[in-house]
Amino acid sequence: MTRVLVVDDDPQILRALRINLTAHGYDVTTASDGAGALRAATDGPPDVVVLDLGLPDLDGTEVIAGLRGWTPVPIIVLSARDGSTDKVQALDAGADDYVTKPFGMAELLARLRASVRRAAAATVDGEPVVDAGGFRVDLAAKKVVRDGAEVHLTPTEWGILELLVRHRGKLVGQRDLLRAVWGPGYGKETNYLRVYLAQLRRKLEADPSRPEHFITEAGMGYRFEV
């Protein structure tokens, strides 16, 4: 049974979607705010998320970013905001589709089926929290805890760490890292990587001179091991 997480602060919409989706064979979980949505997704990872942007505690794009930190689950935005800017921001944040309220149930069901089909062949093993032994990386909350205390990372350090952790055990090429973190115009500035990997090792490795987690593959790239 396909698991759907529906996030909306309107209780009538939540009730209507729960009834309709359940009637069509979906296993439905609901949340009325952003924090509840992130908790629900962590407690029981859904197969698809239907998300309203106008939530009382977090903007919908923040929820999308929190989910995208650790899972590729399809996200369908369901919102009364019909401006092109709102749609672009949601899609750039990581949403897969955008449905404007008011909407037809038949259309939403068709988009749900399409999203699940697209994701079925590209399932990735995602974990919200990765325990590396000496420290823990929370991809959903975007933070690192070492010895019980949160470690401050710069946005660039986090960008490198997140990419390596999400591909843990696999080599990530120098060019791929540079383009993902700094932008498509970068690819040869390998000295940037040496500087920031040294900083990450100082902050997270037990012995930065003998790294166990941030491994250099000379001339190729870097690999994260737990």
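The following exercises, each with a worked solution, concern a predicted model of a protein.

In this predicted model, local features need pLDDT of at least 70 and side-chain atom pairs count only at pLDDT 80 or more, while totals for chains, interfaces and linings use all residues. Residues are numbered from 1 along each chain as its sequence is written, and side-chain values use heavy atoms, with hydrogens and water left out.

**Exercise 1. The protein as a whole**

Task: State how many helices and strands the protein has, and describe its extent, burial, surface and charges.

Solution. 
- Step 1. The protein contains 8 helices and 12 strands; helices (H or I, at least four residues) and strands (E, at least two) are DSSP runs, numbered from the N terminus.
- Step 2. The C-alpha trace spans about 60 × 40 × 30 Å along its principal axes.
- Step 3. Of the 226 residues, 41% are buried. Buried means under 20% relative accessible area, exposed over 50%, and partly exposed in between (1.4 Å probe, protein chains only).
- Step 4. The areas come from the Shrake-Rupley method with a 1.4 Å probe; for residues, only the protein chains shown count as cover.
- Step 5. There are 28 positive and 32 negative charges, and their mean positions are 5 Å apart. Lys and Arg count as positive, Asp and Glu as negative, whereas His and the chain ends are not counted. Each charge is placed at NZ of Lys, CZ of Arg, CG of Asp or CD of Glu.
- Step 6. Among contacts between residues at least 6 apart in sequence, 56% join residues at least 24 apart; a contact means heavy atoms within 4.5 Å.

**Exercise 2. An annotated residue and its surroundings**

Task: Which residue does UniProt list for "modified residue: 4-aspartylphosphate", and is that residue buried or exposed?

Solution. 
- Step 1. An unreviewed UniProt entry lists Asp52 for this feature. UniProt positions are given in the numbering used here, feature names are shortened, and annotations may be inferred rather than shown by experiment.
- Step 2. Over residues 3–116 the chain is 47% helix and 20% strand, with the end C-alpha atoms 10 Å apart.
- Step 3. Asp52 lies in the loop between strand E3 (48–51) and helix H3 (60–68).
- Step 4. The relative accessible area of Asp52 is 6%, so Asp52 is buried.
- Step 5. Beyond residues up to four places away in sequence, Asp52 touches Val7, Asp8, Asp9, Gly60, Leu78, Ser79 and Lys101.
- Step 6. Ser79, in strand E4 (residues 75–79), is buried at 2% relative accessible area. Its contacts outside four places in sequence include Asp52, Tyr98 and Lys101.
- Step 7. Lys101 is joined to Pro102 by a cis peptide bond, with omega about -10°. Pro102 is in the loop between strand E5 (97–100) and helix H5 (105–120).

**Exercise 3. Aromatic pairs**

Task: How many aromatic pairs are there, and why is the pair of Phe214 and Phe224 classed as edge-to-face?

Solution. 
- Step 1. A pair of aromatic rings is described by the distance of the centres and the angle of the planes.
- Step 2. Rings of Phe, Tyr and Trp (its six-membered ring) pair if their centres lie within 6.5 Å; planes under 30 degrees apart count as stacked, over 60 as edge-to-face and the rest as tilted. By this rule there are 6 aromatic pairs.
- Step 3. Tyr186 and Tyr192 form a tilted pair, 6.2 Å centre to centre with 50° between the planes. Tyr186 is partly exposed at 30% relative accessible area, and Tyr192 is partly exposed at 30%.
- Step 4. The ring centres of Phe214 and Phe224 are 5.4 Å apart and their planes stand at 65°, so the pair is edge-to-face. Phe214 belongs to strand E11 (residues 214–217) and Phe224 to strand E12 (residues 221–224), 10 residues apart. Both Phe214 and Phe224 are buried.
- Step 5. Ring pairs also link Trp182, Tyr186, Tyr192 and Tyr196 into a cluster.

**Exercise 4. Positive phi values**

Task: Where do Lys142 and Asp147 lie, and what are their phi values?

Solution. 
- Step 1. Lys142 is in the loop between strand E7 (135–138) and strand E8 (143–146). Its phi is positive, about 60°, although Lys142 is not a glycine.
- Step 2. Lys142 counts as partly exposed, at 38% relative accessibility.
- Step 3. Asp147 is in the loop between E8 and strand E9 (149–151), and its phi is near 55°.
- Step 4. Asp147 is exposed, with a relative accessible area of 71%.
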